[in-house]
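This is a short walk through one part of a protein fold, meant to be read with the sequence and structure in view.

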Amino acid sequence: MLQPKFVALHCQEVGGKTYEGSVKHVEDFVRMLMASEELKSFDRMRVYLDEDYTNSERFTALGNFYFIHETIRTAQIWDFKTKAFLPCQGKEVHTGNIEEVSSKEKTKFPAEFFPEVK
C-alpha cells in the first residue's frame, strides 16, 4: 500500500464550464477533501482555486491542492513576489480572485491559441 508524504492534485476546469452554477459543489468538495480520514495525517495544506469567473481575461478555472504529511519536518513554499522560500505551516485555502496570492503563479494561454472559441 502506498503511503505518500506529499500529494499534489491539479484540477482543470474546476467547477465545470458554468462555474457560477457549480461553485457550491466545489466548496463542498474542498471541505470534504480537507476533512477526509485519508488526509488526516497531512498537517499542512495549500489550496488555490481560481474562482473569479467574472474576469474572462484572467479566469482559468484551475484548482491546485498540496498536502504535506506530518512526518516531513520542514516544508517551504516559493514566494514569487519576494523570490524566496517561506515556511509552509498550517492550512491555507485561497479562493475567488487569487491574482495577489504571492505563493502561486498563474498564466492563461492567449486567446489567439484558440481561434475557434469566441
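In this predicted model, strand 2 and strand 6 run parallel and are joined by four bridges. One point to find along this pairing is Tyr48, whose bridge partner in strand 6 is His94.

Strand 2, residues 42-49, also pairs with strand 3, residues 63-69, but here the two run antiparallel, with seven bridges between them. Within this pairing, Met45 has Phe67 of strand 3 as its bridge partner. Strand 2 is mostly covered, since seven of its eight residues are buried.

The wider arrangement can now be laid out. The four strands form an open sheet in the order 1-3-2-6, and the pairing is mixed. Strand 1 (6-11) and strand 6 (91-94) are the edge strands, each pairing on one side only. On average, neighbouring strands of this sheet are turned by 10° against each other, with direction ignored. As a general point, side chains in a regular strand alternate between the two faces of the sheet.

Between strand 2 and strand 3 lies a loop that includes Leu62. Is Leu62 buried or exposed, or in between? Its relative accessible area is 32%; buried would require under 20% and exposed over 50%, so Leu62 counts as partly exposed. Beyond its neighbours within four places in sequence, Leu62 is in contact with Cys11, Gln12, Val14, Tyr48, Leu49 and Asp50. Among these is Tyr48, the residue whose bridge partner is His94 in strand 6. Glu37, by contrast, is 25 residues from Leu62 along the chain, and the C-alpha atoms of the two are separated by 25 Å.

Terms used
Residues numbered from 1 in each chain as written. Predicted model: local features only at pLDDT ≥ 70, side-chain atom pairs only at ≥ 80, totals over all residues. Heavy atoms only, no water. Pairing = 2+ DSSP bridges. Axes fitted to C-alpha atoms, helices over the stretch in contact; angles between N-to-C directions. Buried < 20%, exposed > 50% of the residue type's maximum accessible area, 1.4 Å probe, protein only. Contact = heavy atoms within 4.5 Å.
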